[in-house]
Amino acid sequence: MKKVKASFREFHWREAFTFCAFVLLASGFWLMQSLKQEYEIELSVPIRYRNIPPSIHFSEDRPEKLIIKVKDRGNVLLNYSLGRTLAPIEINMKNLPLDQKEKVLVSKQNIEADLLKQLISTTSLISFAPREIRVSYGKLISREVPVVFAGKVQPDAGFQVSDSIRITPATVKVYASQGAFDSISVLKTAYAEWKTNQRIVQKVKVIAPKGANVEPAEVTVTIPVEEYTEKTLSIPIICPDLPSQYTVRTFPSNVNVVCNIPMSRFKYLSDVDFGVSISFKDLKDNKSGLVDLTLFKKPDWVTDVTLSPNQIEFLLEQKTSPQPEKAGDETAPQE
């Protein structure tokens, strides 16, 4: 360690710093001199298409950028590379004629004029590719197709989806080739997932099939989420297919229906909204004396329905037919 410390003390630090300073100064002069010389570089300019009619499809890949070659001094070109960006070439396709299969959207003269407006006056435009913006396209047919929600809703504890999920609009216009519609019967929304305790109203993108366009591209998904509570109702038991020559008695005659309902509909739910039955075919030749109950009627917005009890005892009796009266037994009417 003593030897190392001694070598550091003996090192000529001042001379080393002076040498490094001269190297940096020389490098700076060299860089300044280099930037004064002229160079050629390539720049990329994006192409943006606006208002593309949904009733057309492009037969081939359309150009997405221009590659231009420019010439100028190094310090000016450095400005293009690090700071100054060229604005995209925007193409408005709103009034695109649909009776053509190929169309030149932007000519060589228009591209050159647009680029020269953006370049610094000292910069020379040497070349650009493609020389013109040309696209090939075809016309599509349209149909109305329904949209379904593809996602997941996870309500917080004590909350549930209180009604069906609504999509607005329920159908969208799909533009595609005739053959493509053979496999298009319904469209799905983009997958979305929510964990919430309140009503959801959200715009969601519609997934367009390959080679097809969808209008509108988004739909509004409405999911009613409400706080739920439990309600118990007493419902009479019926046997709708009981033949007229039979009578049946059930023990008990009523059954409790326990269900979860939205708080907003608590007072509107009554026993007439439910139906509980037994089947005659389950009663005939039944030796156990027990029969299962069937819930055949309930509102769609009611969930987690249970019957208490779910089995009951019964007594099936056949009615006796009345005996025919004998002749001569009739009593003459008195005046």
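This is a predicted model: local features need pLDDT of at least 70, side-chain atom pairs count only at pLDDT 80 or more; totals for chains, interfaces and linings use all residues.
**View 1. The largest pocket and its lining.** Welcome to the largest pocket, which holds about 160 Å³ of space. Its lining includes Ile52, Pro53, His57, Arg62 and Asn213. Strand E2 (residues 56–58) gives the most to this lining, with three residues. By class, the lining has six nonpolar, three polar and one charged residues.

**View 2. Strand E12 and its pairing with E8 and E16.** Strand E8 (residues 141–148) pairs with strand E12 (residues 171–176) in the antiparallel sense, over six bridges. Look for tyrosine 175 in E12, the bridge partner of serine 142. E12 also pairs with strand E16 (residues 213–215), again antiparallel, over three bridges. Here tyrosine 175 stands opposite asparagine 213, a residue that also lines the largest pocket.

**View 3. The two aromatic pairs.** The structure holds two aromatic pairs. Phenylalanine 149 and tryptophan 194 are stacked, 5.9 Å centre to centre with 10° between the planes. Phenylalanine 149 lies in the loop between E8 and strand E9 and tryptophan 194 in strand E14, so this pair ties together parts 45 residues apart in sequence. The rings of tyrosine 246 and phenylalanine 280 have centres 5.2 Å apart and planes at 55°, so they count as tilted. Tyrosine 246 is buried at 18% relative accessibility, and phenylalanine 280 is buried at 11%.

**View 4. Charged ends over aromatic rings.** Arginine 62 has its charged end over the ring of tyrosine 49, 4.9 Å from the ring centre. Arginine 62 also lines the largest pocket. Elsewhere, the charged end of lysine 231 sits over the ring of phenylalanine 266, 4.5 Å from its centre.

How values were computed:
Residues are numbered from 1 along each chain as its sequence is written. Side-chain values use heavy atoms; hydrogens and water are left out. On a 1 Å grid over the protein atoms alone, a cavity is a set of points where a 1.4 Å probe fits but cannot get out, and a pocket is an open set with protein on both sides within 12 Å along at least five of seven lines; lining residues have an atom within 4 Å of a point. Grid points are joined across faces, edges and corners, and a volume is the space filled by probe spheres set on the points. Helices (H or I, at least four residues) and strands (E, at least two) are DSSP runs, numbered from the N terminus. Ala, Val, Leu, Ile, Met, Phe, Trp, Tyr, Cys and Pro count as nonpolar, Asp, Glu, Lys and Arg as charged, and the others, Gly among them, as polar. Two strands pair if DSSP finds at least two bridges between them. Rings of Phe, Tyr and Trp (its six-membered ring) pair if their centres lie within 6.5 Å; planes under 30 degrees apart count as stacked, over 60 as edge-to-face and the rest as tilted. Buried means under 20% relative accessible area, exposed over 50%, partly exposed in between (1.4 Å probe, protein chains only). A charge sits over a ring if NZ of Lys or CZ of Arg is within 6 Å of the ring centre and within 35 degrees of the ring normal.
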